[in-house]
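This report sets out selected features of a single protein chain. The sequence and the structure are shown first, and the discussion follows.

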Amino acid sequence: MVTLRALTLDDAPALTRIYSGASVRYTTGRALPLDQAQEKIRSALARAAETPRAQWSWGILAADEMIGLIALRRRSPVMGTISYILRDDTWGGGYATNAAEQVVAFAFATAGLERVEAMHHPANPASGRVLAKAGFTHTGTTDQPAADGSAVPYETYAIRHQTS
């Protein structure tokens, strides 16, 4: 359904479109200007060259068009986290679920992780459905700081590598 590929600097305009409108409501709340999109990509490319590698970032493509971004971050030798964002006009098509499934498979088969965690803003239950469909189990909540200094109880999820 979707293809994941490494980012290039040519993706900056697509990234500004992804990080705009309703898509940023539960993240920073601010659109990503072109210069910041370019810096985000440069940073991802620099992390891709690190050894040992601690982070992977991919563009999410549907019909050869970049519609989202997904990242895997190694938090310990055996545990990682994923995060994703899709352009708001692509929500509800199963793209995030498919991308999350691909990244989890990569995390277990290639990155050698045993557990992957994720979380979402409590006002964004659709993201929780994405995680559940991708095989994650709801594990509770964790307080995350809000812009006003208060704490927001984000929903947390995890998936473990199943060995035979």
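Leaving aside its neighbours within four places in sequence, with which residues is Thr-3 in contact?

The model discussed here is predicted. Thr-3 lies in strand E1, and its contacts beyond four places in sequence are Gly-59, Ile-60 and Leu-61. With a relative accessible area of 48%, Thr-3 is partly exposed. The C-alpha atom of Thr-3 is separated by 9.2 Å from that of Trp-58, a residue 55 places away along the chain.

## Ile-60 in strand E2

One of the residues touched by Thr-3 is Ile-60, which belongs to strand E2. Ile-60 counts as buried because its relative accessibility is 0%, the cut-off for burial being under 20%. Apart from residues up to four places away in sequence, Ile-60 touches Val-2, Thr-3 and Leu-4, the run Glu-65, Met-66, Ile-67, Gly-68, Leu-69 and Ile-70, and also Ile-85, Leu-86 and Ala-99. Between Ile-60 and Leu-86, which are 26 residues apart along the chain, the C-alpha separation is 8.1 Å.

Helix H2 covers residues 34–48. Ala-37, Ile-41 and Ala-44 are the buried residues of H2. Viewed down the axis of H2, these buried residues fall within an arc of 60°, so they line one face of the helix. As a general principle, an α-helix has 3.6 residues a turn, so residues three or four places apart point the same way. The buried residues of H2 pack against helix H1 (12–18) and strand E2 (55–62).

Helix H3 also has 15 residues. From first C-alpha to last it reaches 21 Å, close to the 21 Å expected at 1.5 Å a residue. The buried residues in H3 are Ala-96, Thr-97, Asn-98, Ala-99, Ala-100, Val-103, Val-104, Ala-107 and Phe-108. One of these, Ala-99, is among the residues that Ile-60 touches.

Asp-11 is located in the loop between strand E1 (3–6) and H1. Is this residue, Asp-11, buried or exposed? At 6% relative accessibility, Asp-11 counts as buried.

The side chain of Asp-11 makes a polar contact of 2.8 Å with that of Arg-5. When neighbours within four places in sequence are set aside, Asp-11 is in contact with Arg-5, Ala-6, Ile-41 and Met-66.

## Salt bridges

How many salt bridges does a search of the whole structure find? The search finds seven. One of them joins Arg-17 and Asp-88, with 3.3 Å between the closest N and O atoms. This pair links distant parts of the chain, 71 residues apart: Arg-17 is in helix H1, and Asp-88 is in the loop between strand E4 (79–86) and helix H3 (95–109). Arg-17 is partly exposed at a relative accessible area of 34%, and Asp-88 is partly exposed at 24%.

Arg-87 forms a salt bridge with Asp-89, the closest N and O atoms being 2.7 Å apart. At 8% relative accessibility, Arg-87 counts as buried. A network of salt bridges links Arg-17, Glu-65, Arg-87, Asp-88 and Asp-89.

Glu-117 is partly exposed, with a relative accessible area of 25%, and Arg-115 is partly exposed at 22% relative accessibility.

## The E6–E7 hairpin

Strands E6 (residues 137–145) and E7 (residues 151–160) run antiparallel and are joined by eight bridges. Asp-143 stands opposite Pro-153 in E7. The two strands, E6 and E7, form a hairpin with five residues between them. In the turn, Gly-149 has a positive phi of about 90°.

Definitions and conventions:
Residues are numbered from 1 along each chain as its sequence is written. This is a predicted model: local features need pLDDT of at least 70, side-chain atom pairs count only at pLDDT 80 or more; totals for chains, interfaces and linings use all residues. Side-chain values use heavy atoms; hydrogens and water are left out. Helices (H or I, at least four residues) and strands (E, at least two) are DSSP runs, numbered from the N terminus. The expected span of a helix is 1.5 Å times one less than its number of residues. Buried means under 20% relative accessible area, exposed over 50%, partly exposed in between (1.4 Å probe, protein chains only). The arc is that of the directions from the helix axis to the C-beta atoms. Contact means heavy atoms within 4.5 Å. Two strands pair if DSSP finds at least two bridges between them. A salt bridge is a side-chain nitrogen of Lys or Arg within 4 Å of a carboxyl oxygen of Asp or Glu. A polar contact is a pair of N or O atoms within 3.5 Å; within protein, one must be able to donate a hydrogen and the other to accept it, and residues adjacent in sequence count only if both atoms are side-chain atoms.
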